[in-house]
Amino acid sequence: MEIGATKAVQDRLKTTKIAESKVVSLVFCWDTHLTKIKGRNVLFIVNASNRYTIAMTDIEPRNWNYYAMYISRVIYGVMQEMGYSEDQIGQYFKMSGDTTVTKTHGRKSVGGINRMVMDAQYFGKKLEKEAKYQWELSEYLNRDIC
């Protein structure tokens, strides 16, 4: 699995050297972007093939140290919440291969991130306090067919 990092995420990770994408199937690629929404830092985790978005807040500093593992666990948890079986989730991660942090996956994928950030600005509710996974915001962002 490739986890693409925008410049904002790279700055937060304090990394200067990041690998290029190896052009694997985009269904196994997720791009990440960090921005402020309603005064809070929100990490967008966006699938490069279908623009499915996971919105996270209140990321603890230690999680930034283990970024690839953290993102994988978030994706795993969301798949569980969506009702996928353990076998299905395991197969997805097996097919996706080793998890690596790379540059983003092209203009189309970055355009998808920009669309999600723009849409999030119009989210009419407050972000949940004490919740890392912003379920309502994610549902709002994923309302369009992609």
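Reply: Let us start with a pocket: H5 provides three residues to the lining of the second largest pocket, the largest share. Please keep in mind throughout that this model is predicted.

Me: Which elements each supply at least two residues of that lining, and what is the volume of the second largest pocket?

Reply: The elements are S3 and helix H5 (107–121). The second largest pocket has a volume of about 190 Å³. Of the 12 residues that line the second largest pocket, Ala48, Ser49, Asn50, Arg51 and Lys108 are the closest to its centre.

Me: How does the lining of the second largest pocket divide by residue class?

Reply: A lining can be sorted into nonpolar, polar and charged residues. For the second largest pocket, the lining holds four nonpolar, six polar and two charged residues. In the largest pocket, the division is 10 nonpolar, three polar and no charged.

Me: What is the volume of the largest pocket, and which residues are the closest to its centre?

Reply: The volume of the largest pocket is about 250 Å³. Its lining has 13 residues, and Trp30, Asn50, Met79, Met82 and Tyr84 are the closest to the centre. H3 and H4 each supply at least two residues of this lining, and H3 gives the most, with three residues.

Me: How should I read a nonpolar core, and which residues of the largest one touch the most other members?

Reply: A nonpolar core is a set of buried residues joined through side-chain atoms within 4.5 Å. The largest nonpolar core has 27 residues, and those that touch the most other members are Trp30, Leu43, Ile45, Ile54, Met56, Ile71 and Ile75. At least two residues of this core come from each of strand S1 (2–5), strand S2 (29–37), strand S3 (40–47), strand S4 (53–57), helix H3 (67–81) and helix H4 (86–96). H3 gives the most to this core, with eight residues.

Me: What does isoleucine 75 touch, not counting residues up to four places away in sequence?

Reply: Isoleucine 75 touches Met1, Trp30, Ile45, Ile54 and Phe93, with that exclusion applied.

Me: Which residues line the largest cavity?

Reply: A cavity is a space where the probe fits but cannot get out. Here, about 30 Å³ of space lies in the largest cavity. The largest cavity is lined by Phe123, Lys125, Lys126, Leu127, Glu128, Gln134, Glu136 and Leu137. By class, these are three nonpolar, one polar and four charged residues.

Methods:
Residues numbered from 1 in each chain as written. Predicted model: local features only at pLDDT ≥ 70, side-chain atom pairs only at ≥ 80, totals over all residues. Heavy atoms only, no water. Buried < 20%, exposed > 50% of the residue type's maximum accessible area, 1.4 Å probe, protein only. Helix = DSSP H or I, 4+ residues; strand = E, 2+ residues; numbered from the N terminus. Contact = heavy atoms within 4.5 Å. 1 Å grid on protein atoms, 1.4 Å probe; cavity = no way out; pocket = protein on both sides within 12 Å on 5 of 7 lines; lining within 4 Å. Points joined across faces, edges and corners; volume = space filled by probe spheres on them.
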